[in-house]
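Visitor: I have a structure to look at and would like to learn how to read it. Could you walk me through it, feature by feature?

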Amino acid sequence: MPCTVVVCGFFGDTGKGKIISYLAVRDKLAVTARAGVGPNAGHTVVYEGTKYKLRMLPSAFVYDKCRLLIGPGVLVNPDIFLEEIQLTKSQDRVGVDPQCAVIEEKHIAADKKGHLAKKIKTTGTGTGPCNAERALRTVKLARDTPQLEKYVTDVPLEVNTAINRGKNVLVEGTQGTYLSLFHGNYPYCTSKDVTASAACSDVGVGPTKVDDVVLVFKAYTTRVGGGPLPNELSWEEAEKRGWAEIATVTGRKRRAAPFNYELAKRAVMLNGATQAAITKIDVLFPECKGVKSYEELSHHARDFIKNVEKEIRVPVTLLGTGPGTWELVDIRKNKI
Ligand code: GTP
Ligand code: IMP
Ligand code: MG
């Protein structure tokens with residue numbers, strides 16, 4: 001802190017939403033800015049007994065003093081944005097940048113057919129065609145959309161002002177390193193770069209302003225849609241191991257494979273990670289379900305974490321032991 005970037009080191013769906021909800025409360029975030037592609041993401045936050053599935057608003061909404069912004073690099077679907085404002089009761093603290101591009105019906109229709117649907121197996125949320133139109137410089141922006149008028153604000157200015165005043169700011173990445181248009185398995189990737197540098201650019205934060213990059217991994221890897229997944233398991237085997245997951249946005253089955261050290265190491269490099277978080281420790285080691293201190297973890301779980309640290313050469317600071325915001329081991333806090 002004050003400026004932390006959170007991104008995923010695999011193929012998305014590693015539990016950034018849950019990790020960010022925890023950091024929001026722990027660090028009393030003043031401002032959070034959503035980066036990434038747009039509503040193709042699905043972040044799950046399980047807070048005080050309610051499960052929230054967010055596609056547009058930042059997961060830090062759980063801390064009610066935090067300003068919730070969407071950076072100019074992000075594509076906005078106004079209907080989803082307004083729905084989520086109601087869901088999270090956050091109308092007084094939400095802002096969207098005037099330069100955000102707006103997803104229209106024609107983008108969604110184009111995303112649901114042809115090679116995008118059949119070969120790439122996109123989420124069908126219109127993000128690829130909308131980014132294509134942005135590159136052509138014909139896309140509609142938030143500043144031209146009456147539905148968004150009362151929420152429009154200069155996001156880079158708000159974010160940088162908060163950083164300069166020493167307040168805690170978090171930049172929320174979406175998707176995952178290996179879905180990046182530049183660093184993923186082209187063409188089986190999303191429609192822009194989604195590594196930490198891109199997340200900063202999405203919200204207008206320069207590289208010298210960032211203090212920490214938290215790279216989120218899951219204790220195993222999953223992938224939805226097309227493209228290679230090294231050491232992929234059959235659905236039956238994934239079910240047997242408890243790794244069978246269903247995607248938040250599309251309801252598709254997530255393909256699964258064991259933790260991939262080579263991909264993890266490269267993701268640390270590509271994102272300039274300063275620390276790592278590993279979620280779903282409880283799925284790999286059921287005896288760790290709900291555990292909140294390092295001492296309570298089983299020796300199998302500790303050996304796994306030590307091995308990950310040895311390989312990726314950055315400290316693992318947060319461990320997920322369940323879907324809830326508080327089902328987590330904060331290793332630094334434990335050591336204080
Ligand atoms: P994208 O931005 O779409 O990549 O999503 P994401 O990284 O926010 O992850 P998503 O919420 O799509 O998927 C993570 C799933 O794992 C959700 O169902 C979470 O509730 C759940 N989850 C997160 N952390 C943990 C954990 O430590 N243990 C368990 N059992 N579930 C977790
Ligand atoms: P698009 O981003 O909808 O164009 O989809 C391109 C690829 O990225 C497909 O394989 C999607 O399944 C995947 N993808 C996009 N966003 C996410 C995400 O948030 N989590 C996981 N996979 C995603
Ligand atoms: Mg997701």
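Guide: Gladly! Keep in mind that this is a predicted model. Let's start with a bridge between two strands: in strand 14, Leu-318 has Asp-330 as its bridge partner.

Visitor: How do strands join up, and in which sense do strand 13 and strand 14 run?

Guide: Strands of a sheet pair through backbone hydrogen bonds, either parallel or antiparallel. Strand 13 and strand 14 (residues 328–330) run antiparallel, joined by 3 bridges. Strand 13 also pairs with strand 12 (residues 275–279), and there the 3 bridges join strands that run parallel. Across that pairing, Ala-276 stands opposite Val-316 of strand 13.

Visitor: How many residues of strand 13 are buried?

Guide: A residue counts as buried when its relative accessible area is under 20%. In strand 13 (residues 316–320), 5 of the 5 residues are buried, so the strand is largely enclosed by the rest of the structure.

Visitor: What can I learn from the two faces of strand 2?

Guide: In a regular strand the side chains alternate between the two faces of the sheet. For strand 2 (residues 31–34), both faces are covered. Val-31 and Ala-33 are buried on one side, and Thr-32 and Arg-34 are buried on the other.

Visitor: Which strands pair with strand 2?

Guide: Strand 5 (residues 67–70) pairs with strand 2 in the parallel sense over 4 bridges, with Arg-67 as the bridge partner of Val-31. Strand 7 (residues 169–172) pairs with strand 2 in the parallel sense too, over 4 bridges. In that pairing, Leu-170 stands opposite Thr-32.

Visitor: Which order do the strands have in the open sheet of 3 strands?

Guide: The order is 9-11-10, and the pairing is antiparallel. Strand 9 (220–223) and strand 10 (245–246) are at the edges with a single partner strand each, so one side of each has no neighbour in the sheet. Strand 10 is joined to strand 11 (residues 253–258) by 2 bridges, and Ile-246 has Lys-253 as its bridge partner there.

Visitor: How far apart in space are Pro-230 and Asn-260?

Guide: Residues separated in the sequence can be compared by their C-alpha positions. Pro-230 and Asn-260 are 8.0 Å apart in space, C-alpha to C-alpha, and 30 residues apart in sequence. Pro-230 sits in the loop between strand 9 and helix 8 (235–241). With a relative accessible area of 37%, Pro-230 is partly exposed.

Visitor: Now the metal, please. Which residues coordinate the magnesium ion?

Guide: For a metal, look for the atoms that coordinate it. Here the magnesium ion (ligand 3) is coordinated by Asp-13 through OD and by Gly-42 through O, at 2.1 to 2.3 Å. Asp-13 is in the loop between strand 1 (3–8) and helix 1 (16–26), while Gly-42 is in the loop between strand 2 and strand 3 (43–47), so the pair ties together parts 29 residues apart in sequence.

Visitor: Are Asp-13 and Gly-42 buried or partly exposed?

Guide: Asp-13 counts as partly exposed, at 23% relative accessibility. Gly-42 has 15% and counts as buried.

Visitor: What surrounds ligand 1?

Guide: For a ligand, start with the surrounding residues and then look at polar contacts. Ligand 1 has 23 residues around it, and the closest are Asp-13, Gly-42, His-43, Thr-44 and Asp-282. By type, this shell has 3 nonpolar, 14 polar and 6 charged residues. An N or O atom in the side chain of Lys-16 is 2.9 Å from an oxygen atom of ligand 1. The backbone contributes as well: an N or O atom of Gly-17 lies 3.0 Å from an oxygen atom of the ligand, and one of Lys-280 lies 2.9 Å from an oxygen atom of ligand 1. Taken alone, ligand 1 exposes 670 Å², of which the protein buries 92%.

Visitor: Which element gives the most to the shell around ligand 1?

Guide: Helix 1 does, with 3 residues.

Visitor: And which residues come nearest to ligand 2?

Guide: Asn-40, Thr-123, Thr-190, Val-224 and Arg-252 come nearest, out of 16 residues around ligand 2. The shell divides into 6 nonpolar, 7 polar and 3 charged residues. The side chain of Asp-13 has an N or O atom 3.1 Å from a nitrogen atom of ligand 2. A polar side-chain atom of Arg-252 is 3.0 Å from an oxygen atom of ligand 2. Taken alone, ligand 2 exposes 460 Å², and the protein buries 96% of that.

Note on methods
Residues are numbered from 1 along each chain as its sequence is written. Chains are lettered from A and ligands numbered from 1 in the order in which they are written. This is a predicted model: local features need pLDDT of at least 70, side-chain atom pairs count only at pLDDT 80 or more; totals for chains, interfaces and linings use all residues. Side-chain values use heavy atoms; hydrogens and water are left out. Buried means under 20% relative accessible area, exposed over 50%, partly exposed in between (1.4 Å probe, protein chains only). Two strands pair if DSSP finds at least two bridges between them. Donors are N, O and S atoms within 2.8 Å of the metal (3.2 Å for Na, K and Ca); water is not among the atoms, so sites may look incomplete. A residue is near a molecule or strand if one of its heavy atoms lies within 4 Å of it. A polar contact is a pair of N or O atoms within 3.5 Å; within protein, one must be able to donate a hydrogen and the other to accept it, and residues adjacent in sequence count only if both atoms are side-chain atoms. Accessible areas come from the Shrake-Rupley method with a 1.4 Å probe; for residues, only the protein chains shown count as cover. Ala, Val, Leu, Ile, Met, Phe, Trp, Tyr, Cys and Pro count as nonpolar, Asp, Glu, Lys and Arg as charged, and the others, Gly among them, as polar.
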